[in-house]
Amino acid sequence: MDNKNNNTQYLKGLFEIAILMMLQKKTMYGYELTKELKESKCFSISDGSIYPILKRLTANDYVDVFSEEYEGRIRKYYRITDLGKALVENRLKELETILNYFEEIKGVD
């Protein structure tokens, strides 16, 4: 069994929720999101791989994108939409239900 591949598949679905949760705290740009994910203890992401995720979140109207000049360069910023906030709330409830179930079956011999 390839643990690294299985771990990647497991975490893949959680990346979006982590990104949306970070955007609930504040508007951020791509590299800033990547840096924060890299600093976490549970996510590992290469520099360019966040942009397809952000593109998908934008296409699904979970995130808005806008550009601003910063130190003479144009930087894209991302902010969560109301639809994105609703998705986070629903996914967190789903995760809580799953974790509660795991706790139940963990105690069963």
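Reply: A residue is called buried under 20% relative accessible area, exposed over 50% and partly exposed in between, with a 1.4 Å probe and protein chains only. Y77, with a relative accessible area of 13%, is therefore buried, and Y29 is buried too. This is a predicted model, in which local features need pLDDT of at least 70 and side-chain atom pairs count only at pLDDT 80 or more, whereas totals for chains, interfaces and linings use all residues. Residues are numbered from 1 along each chain as its sequence is written, and side-chain values use heavy atoms, leaving out hydrogens and water.

Me: How many aromatic pairs are there by the rule for rings?

Reply: A pair of aromatic rings is described by the distance of the centres and the angle of the planes. Rings of Phe, Tyr and Trp (its six-membered ring) pair if their centres lie within 6.5 Å, and planes under 30 degrees apart count as stacked, over 60 as edge-to-face and the rest as tilted. The count here is two aromatic pairs. Y29 and Y77 are edge-to-face, at 5.8 Å centre to centre with 80° between the planes. F66 and Y77 have ring centres 5.6 Å apart and planes at 20°, so this pair is stacked.

Me: Over which rings does the charged end of R75 sit?

Reply: A charge sits over a ring if NZ of Lys or CZ of Arg is within 6 Å of the ring centre and within 35 degrees of the ring normal. The charged end of R75 sits over the ring of Y29, 3.6 Å from its centre, and over the ring of Y70, 3.8 Å from its centre.
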